Amino acid sequence: MLGIVGGVVALVVVGGIVAEVMMSGAGGTKYKTVVPKTLVDGKYTLTKDLSDTVGAQVPRNGSYARDMTTVGGQYQSGAKSLVLLSMYGSVSDPTEAVKQTIHGMESSGGELVVPKHEERPHGTKEPVYCGVLVKRQMGQKFTAPFCTWADSSTTGNVMETDADRIDVDPFSVDLEALAEKTDRIRSEIKVPIGQ
């Protein structure tokens with residue numbers, strides 16, 4: 001079940017990131033993102049590096065994008081499956097990138113049940129945007145909370161599901177906690193170019 005859940009989540013997140021690259025644009029590349037073996041102080045362990053797979057699906061250049069590189073991974077912590085996808089390159093309109101990411105996830109078969117809203121995790125000036133998607137596949141409902149961010153050189157998407165609570169009430173999800181986790185992940189994967 002964990003593998004199925006992770007696969008479903010990955011497809012939704014890939015849909016978001018493909019839409020995003022077509023709307024990103026010309027800024028200066030300052031940072032890159034990486035796929036570490038663990039996330040959130042070692043609580044999540046990498047089970048599958050998705051970088052080659054998603055890199056083949058997401059264009060490097062689009063109408064408003066240049067030299068985009070996509071990386072990602074599927075992580076596990078007990079019954080929780082977390083999919084991380086990120087791009088780095090040039091992003092001229094981070095706000096539009098976030099909008100297109102969420103639109104792309106919806107277009108991949110997810111229903112945005114809890115609308116996107118801005119979260120500002122304690123101690124950070126960089127917001128993340130979170131919501132809850134519900135996807136139905138093979139008669140099963142999947143509740144998939146997500147957070148996403150974009151700045152002038154990186155974007156990221158974090159989506160987490162719990163195999164023990166796969167169809168949990170979307171309105172009961174603690175998005176503030178997921179935003180804090182996403183902010184921590186952002187700080188762990190975002191490194192200056194050249195490092």
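What is the mean pLDDT of the protein, and what share of its residues reach 70 or more? This is a predicted model, so begin by colouring the chain by pLDDT, the predictor's confidence in each residue. The mean is 82, and 81% of the residues reach 70 or more.

**Stop 1: the ends of the confidence scale.** Select residues 2-21, which make up helix α1. Among the elements of the protein, α1 has the lowest mean pLDDT, 47, while strand β2 has the highest, 97. Now select residues 1-9, where the pLDDT is below 50. Beyond near neighbours in sequence, this stretch makes 23 contacts in the model. Go on to residues 12-28, where the pLDDT is again below 50. Here the model has 67 contacts beyond near neighbours in sequence.

Stop 2: Select residues 38-39 (β2) and residues 44-49 (β3). The two strands pair in the antiparallel sense, over two bridges. Show Leu 39 and, opposite it, Tyr 44 in β3. β2 and β3 form a hairpin, with four residues between them. Click on Val 40 in the turn: its phi is positive, about 55 degrees.

**Stop 3: the next strand.** Find Leu 46, then look across to Tyr 75 in β4, which stands opposite.

**Stop 4: a charge and a ring.** Show the side chains of Tyr 31 and Lys 190. Where does the charged end of Lys 190 sit? It sits over the ring of Tyr 31, 4.7 Å from the ring's centre. A search for aromatic pairs gives nothing to select, as the structure holds zero of them.

Key. Residues numbered from 1 in each chain as written. Predicted model: local features only at pLDDT ≥ 70, side-chain atom pairs only at ≥ 80, totals over all residues. Heavy atoms only, no water. Pairing = 2+ DSSP bridges. Phe/Tyr/Trp six-rings, centres within 6.5 Å; stacked < 30°, edge-to-face > 60°. Lys NZ or Arg CZ within 6 Å of the ring centre and 35° of its normal. pLDDT = per-residue confidence, 0-100. Contact = heavy atoms within 4.5 Å.
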